[in-house]
Amino acid sequence: MLRIGISLYRDITEETFAAIGGAGLSCVEINGTDHDFRAYARYAQSHGVALWSRHLPYAPFAEMDISLSGRELRQNITQKLSGLIREGAEAGIKVFVLHPSTPVTEGMPRQERKKNAMEILDTLAEVAHREGGVVAVEDMIRSCIGNSAQELKELISANDMLRVCFDVNHLFNNTHEEFISILGPKIVHTHISDYDFQDEKHWFPGEGSICWPAVYSALKKTGYSGVWNYEVGLTGAKMADRGRALTYHDVYSNAMEIFSGRDPSVIRAAGKM
């Protein structure tokens, strides 16, 4: 079985880590900036949870689109992201997830956007390596750079140390099996959530259209040994159908069903079909 993790965003306290560890989850991903990583490291150690990954800030937030042009902007982005990698590495984080671009619109050739992204990715891969970590480039949606396995493979060719974060609810130009067959050995991290194949949804596995036993089986065949990391909110999407917020115990149970080769159970509110 894989280690089970979950992405955290804000309002993270020691009680959060206690609940996560108590439910059987062993890893967390911290998303964004303005976090007290020294405190998180203490909490994690106290409750048997690893600070495993950090999702670096992404455009349009904090002007973090690594595919844009402009010398000063790109220098600032590179400096900021390098600092965030070092900050996370000091707390023991090993995997740094990064979006390669925002949606590509008219006004800048796609090839130029790819070239720009690859230049910064090359630099950040070296920074992460020096800190004992790795940059994992995430597959993207819509017109973003990296919206197919083929293009993502091209992006990570910028540096042999670059790896992939497989967001299973971002695929629209490949099947899950195709994506894994092309990039499997490079996948070091996952973002697990469900969708309807029409748009990203970040639903709880079982609430959308993904065939979870097939995805898990294909991933395991590549030798993947990273984290099965849930990128879902405990509240919000589909909560009305469930009748309650999700719990960390729900996350653990969901993973156990998938790992055993079963379709995950769907939580429904009383009276819902």
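## Helix H1

The face of H1 turned away from its buried side carries Glu15 and Gly22, both exposed (over 50% relative accessible area, against under 20% for buried and in between for partly exposed; 1.4 Å probe, protein chains only). The buried residues of this helix are Thr16, Phe17 and Ile20. They cover an arc of only 95 degrees around the axis, taken from the directions from the helix axis to the C-beta atoms, and therefore sit on the same side of H1.

Helices (H or I, at least four residues) and strands (E, at least two) are DSSP runs, numbered from the N terminus. After H1 comes Gly24, with a positive phi near 100 degrees.

## Basis of the model

The model is predicted: local features need pLDDT of at least 70 and side-chain atom pairs count only at pLDDT 80 or more, while totals for chains, interfaces and linings use all residues. Residues are numbered from 1 along each chain as its sequence is written, and side-chain values use heavy atoms, with hydrogens and water left out.

## Helix H2

In helix H2 (residues 37–46), Phe37, Ala39, Tyr40, Tyr43 and Ala44 are buried. Seen down the axis of H2, these residues fall within an arc of 150 degrees, so they line one face of the helix. Arg38, Arg42, Gln45 and Ser46, on the other side of H2, are exposed.

The buried residues of H2 pack against helix H1 (14–22), strand E2 (27–31), strand E3 (50–55) and helix H3 (71–90). Just after H2, Gly48 adopts a positive phi of about 65 degrees.

Methods
Contact = heavy atoms within 4.5 Å.
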